[in-house]
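Reader: I have a model open on my screen and I'd like to learn how to read it. Can you walk me through it, one feature at a time?

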Amino acid sequence: MSFTLSTYKTSMQNSIDALHKEFVGLRTGRASTNLIDPITVEAYGSKMPMSQVGTVNAPDARLLTVQVWDKEMVKAVEKSIREAGLGLNPTTDGQIVRIPIPDLTEERRKELTKVAAKFAENTRIAIRNVRRDAMDDLKALEKNKTISEDDHHRHNKEVQDLTDEFVKNVDEMLTKKDADIMHV
């Protein structure tokens, strides 16, 4: 068995991708179709993503609409949005569910930046856990005489550099998201 950095890089990138999805779900005061992506609808005996029961649009900065394909699902879509904990209050107009995006208060914006910081810290922890796993694998490879001590030190540095790069990426994403949330 040899040491492959790309395996650990992929795991770290998966953590970044998960953080991106978490950030998309945080409201910033502007309508974005991504806002309701995480919401699932009880449909046909199972939970389905919103995108599989209707077409989601953002006709303007303060409104989202869901054009529900099956009129039997309109109430379920409206209920799912209301119960999602996003502070949204949808209204129904035939098969169209309108979701006005309320203005965020200063207090709510500060709460959202704290939530974003928590998501970012969890991602940093996940990245560091990948680093720890890589370091443990390197120790085992050296102990089994699969790699030399010099290779171990060289790979250790590569793993640390990779970790630093991904943590920096998380910090940049958080800074951007905080600015987005606090922008009035």
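Predicted model: local features only at pLDDT ≥ 70, side-chain atom pairs only at ≥ 80, totals over all residues.

Reader: Okay. Is His152 buried or exposed?

Author: The idea is to look at relative accessibility, where under 20% means buried. His152 comes out at 8%, so it counts as buried.

Reader: Which residues does His152 touch?

Author: Leaving aside residues up to four places away in sequence, His152 touches Leu138, Lys139, Glu142 and Ile147.

Reader: Which other residues of H4 are buried?

Author: Besides His152, the list has His155, Val159, Leu162, Thr163, Phe166, Val167, Val170, Met173, Leu174, Lys177 and Ile181. Their cover includes helix H1 (5-24) and helix H3 (106-143).

Reader: Now the loops. Which loop holds Lys145?

Author: Lys145 sits in the loop between H3 and H4. For loops, I'd check backbone angles and accessibility. Phi of Lys145 is near 65°, a positive value in a residue other than glycine. With over 50% as the cut-off for exposed, Lys145 counts as exposed because its relative accessibility is 74%.

Reader: Where is Tyr44?

Author: Tyr44 is in the loop between strand E1 (40-43) and strand E2 (46-49). Its phi is positive too, near 55°, and Tyr44 is not a glycine. At 57% relative accessibility, Tyr44 counts as exposed.

Reader: Zooming out, what pattern does the protein follow along the sequence?

Author: List the helices and strands in order. Here there are four helices and six strands, and they run α-β-β-β-β-α-β-β-α-α. The radius of gyration is 22 Å, well over the 16 Å that the globule rule gives for 184 residues, so the protein is more spread out than a compact globule. Along the principal axes, the C-alpha trace spans about 70 × 40 × 20 Å.

Reader: And how much of the protein is buried?

Author: Buried residues make up 37% of the 184. The accessible surface comes to about 10700 Å², with 51% of that belonging to carbon and sulfur atoms.

Reader: What about charge: how many positive and negative side chains are there?

Author: Count each set, then compare their centres. The protein has 28 positive and 30 negative side chains, and the two centres lie 3 Å apart.

Methods:
Residues numbered from 1 in each chain as written. Heavy atoms only, no water. Buried < 20%, exposed > 50% of the residue type's maximum accessible area, 1.4 Å probe, protein only. Helix = DSSP H or I, 4+ residues; strand = E, 2+ residues; numbered from the N terminus. Contact = heavy atoms within 4.5 Å. Rg over C-alpha atoms; globule rule 2.2 N^0.38 Å. Areas by Shrake-Rupley, 256 points an atom, 1.4 Å probe, with all protein chains shown as cover. Lys, Arg positive; Asp, Glu negative; His and termini not counted. Charge placed at Lys NZ, Arg CZ, Asp CG, Glu CD.
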